[in-house]
Amino acid sequence: MKDSHVHTNISHDGISKIEDYFEHAKEKNIDEITFTEHYDDYYGIITNLKTLDVRKYQEIYYRVKDDSKVKSNFGIEIGLQPCEGVYRQIKTMVKYVDFDFIIGSSHITDRKDMAMDKSFFEGLTRKEAYLKYFKEVLANIKKYNNEFDVYGHLDYVVRYGGYLEKKIEYNEFREILDEILINLIRKDKGLEINTSGIRYGLGAPHPNKEILKRYKELGGTIITVGSDAHKVEDLGSNFDIAFEILKDCGFTEYAVFHKREPEFVKIK
């Protein structure tokens, strides 16, 4: 199995080292890991977090990578934001660094880190907050081109906000979700199935089956599978559930990226 979303202690919230994943991959039935450390531009954001030093990450990765134990790839998870200054920074960084794979995600929305700053949700109903988030996701997809390959944990917003209902009902957000998925497909971008939602107690991966099925119905073909592991114990977690969901949606294969190009693997 190929895990295409893995964080180490190089990320601000990671625990395990790159070497730890190499040591334990085989016992997790993982034969390929794509490391995707967090890159979020925190300029103007109230936070103690610092933007990833990409060159340092690159140096560490190539120094300790060990393909004799498990094949690995040099990836990154970029927090996309539609503001022009962040866009220019990301565009320049991606131009000069040779990644195998780039996940585009939305962690900071409306210039607020939703995991750290709950003021994003203040005064908003659940539907208003989720719709605000999806509108910015759509703006990112329209603005960015070569700066990402797939969109990660598309319904990430359900983790936060404190609302009782923590599921995105497709029919409730049909119009905006269809526009998001259609724009991904038009740009030949993929969608990630991220199993961390199950670990977080949401009862489903990110995004849920309804959204994955709709992506397939609209003509989407590029799906990556990621645990979003921040420690070795979560590597490849709940991939059996993810593969069953993908098969139920009509997918027969999933993608792993090398040199920014997808290669497809049959779902067993």
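Colleague: Where is Arg260 found, and is Arg260 buried or exposed?
Modeller: This is a predicted model, where local features need pLDDT of at least 70, side-chain atom pairs count only at pLDDT 80 or more, and totals for chains, interfaces and linings use all residues. Residues are numbered from 1 along each chain as its sequence is written, and side-chain values use heavy atoms, without hydrogens and water. Arg260 sits in the loop between strand E10 (253–258) and strand E11 (261–266); strands (E, at least two residues) and helices (H or I, at least four) are DSSP runs, numbered from the N terminus.

Colleague: What is phi of Asn238, and where is its place?
Modeller: Asn238 lies in the loop between strand E9 (223–226) and helix H8 (239–248). At 24% relative accessibility, Asn238 counts as partly exposed. Its phi is positive, in a residue other than glycine, and near 60°.

Colleague: Which residues does a cis peptide bond join?
Modeller: Look at the loop between helix H6 (196–199) and helix H7 (209–217), the place of Pro207. With omega about -15°, the cis bond joins His206 and Pro207.

Colleague: What radius of gyration does the chain have?
Modeller: The rule for a globule is 2.2 Å times the number of residues to the power 0.38, over C-alpha atoms. For 268 residues, a compact globule would come out near 18 Å. The chain agrees with that, at 17 Å.

Note on methods
Buried < 20%, exposed > 50% of the residue type's maximum accessible area, 1.4 Å probe, protein only.
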